[in-house]
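Morning, everyone. Please have a look at the model on the screen before I start.

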Amino acid sequence: MTSDTPAPRAESTLATALAAGTVVLDGGMSNQLESAGHDLSDELWSARLLAEHPEAITEAHLAYFAAGANVAITSSYQATFEGFAKRGIAREEAARLLTLSVELARDAARRARARGVAHPLWVAASVGPYGAMLADGSEYRGRYGLSVADLERFHRPRLEVLAAAAPDVLALETVPDADEAEALLRAVRGLGVPAWLSYSIDGDRTRAGQPLEEAFAPAAEADEVIAVGVNCCVPGDVDAAVATAARVTGKPIVVYPNSGEAWDATARAWVGRSTFAPEQVLAWQQAGARLIGGCCRVGPEAVASIARTLTSA
């Protein structure tokens, strides 16, 4: 597959690419920014750099494209109107920053092309869960005390702005709760941009405790959803989740776990040791995974190993 970026969209759609084979996702945005010396100890996390240091975000995307990633996930995970408002950023400026997150990833793709990167490149606009805006670790718990309708009202305006920026796909990611997934699936209807739905899990359940068979089921009937799976979980939980998602939905599966370390929300730090091994991706691929990468603490070197492993399989 080839692409002549800088067209607004790749000639081959991501859905077409998934039907043809496996696509490599990028790794963690925050760890790449921190390794470049940026302080992310802030409630806006990497989204703060959209306003203060956008070039750093472009460089982070570029590092992953150069490592072999086909898909850049934007820095909008924690970018919300409500979160920006807490920092005194008006709604119009917040919308500009959300749009900028997609533009920065597009710019990285153009730069990657100019540097000789030939593999297909796509942009996924990150849509993090409600709990990410709270910045208190509740995205790893769910159960916010809000109704599905409340959550749909929260997500829809941000989704509309991101969709208008013309990403290749909307990444509905790190979703801890099947109720929030239902809200997100409602909110993407009619936007004209495909989406993937990715849960954060613990064992064979969502973080909120729902069985994965039940949690994956609504995605099977959602025409907008081109892939379903898990992210921001320990690598050891992926194998069974891929099999369940494939059986329940019949759709391509997306997987991008953390390194295996655990997030301490009180200390705002990662603890434990890495258990991520790039060779694990072959088992995931054989089970039905078609979008494969890494999340927190998985950097360009690991993504390069994933790309090599999948290419040589």
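First, the ground rules. This is a predicted model, so local features need pLDDT of at least 70 and side-chain atom pairs count only at pLDDT 80 or more, while totals for chains, interfaces and linings use all residues. Residues are numbered from 1 along each chain as its sequence is written, and side-chain values use heavy atoms, with hydrogens and water left out.

Now, salt bridges. A salt bridge here is a side-chain nitrogen of Lys or Arg within 4 Å of a carboxyl oxygen of Asp or Glu. How many salt bridges does a search of the whole structure find? The count is 13.

Start with arginine 111. Its partner is glutamate 59, and their closest N and O atoms are 3.4 Å apart. Arginine 111 sits in helix α6 (residues 91-114) and glutamate 59 in helix α4 (residues 54-67), so this pair ties together parts 52 residues apart in sequence. A word on helices and strands: they are DSSP runs, H or I with at least four residues for helices, E with at least two for strands, numbered from the N terminus.

Are these two buried or exposed? The cut-offs are these: buried is under 20% relative accessible area, exposed is over 50%, and partly exposed is in between, with a 1.4 Å probe and protein chains only. Arginine 111 is partly exposed, at 25%. Glutamate 59 is partly exposed too, at 34%.

Next, arginine 110. This one meets aspartate 107 in a salt bridge, 4.0 Å from N to O. Both are in helix α6, 3 residues apart, which is about one helical turn. Arginine 110 is partly exposed at 37%, and aspartate 107 is partly exposed at 21%.

Now join them up. Glu55, Glu59, Asp107, Arg110 and Arg111 form a network of salt bridges.

Another pair: arginine 143 and aspartate 179, with closest N and O atoms 2.4 Å apart. Arginine 143 is in the loop between α7 (130-134) and α8 (148-164), and aspartate 179 is in helix α9 (residues 178-187), 36 residues away. Aspartate 179 is partly exposed, at 30%.

Last stop, helix α10 (residues 212-220). Which of its residues are buried? They are Leu212, Ala215, Phe216 and Ala219. These cover an arc of only 85° around the axis, so they are on the same side of α10. That arc is taken from the directions from the helix axis to the C-beta atoms. What covers them? The cover includes α9, β5 (195-199), β8 (225-231) and α11 (238-249).

Terms used:
Contact = heavy atoms within 4.5 Å.
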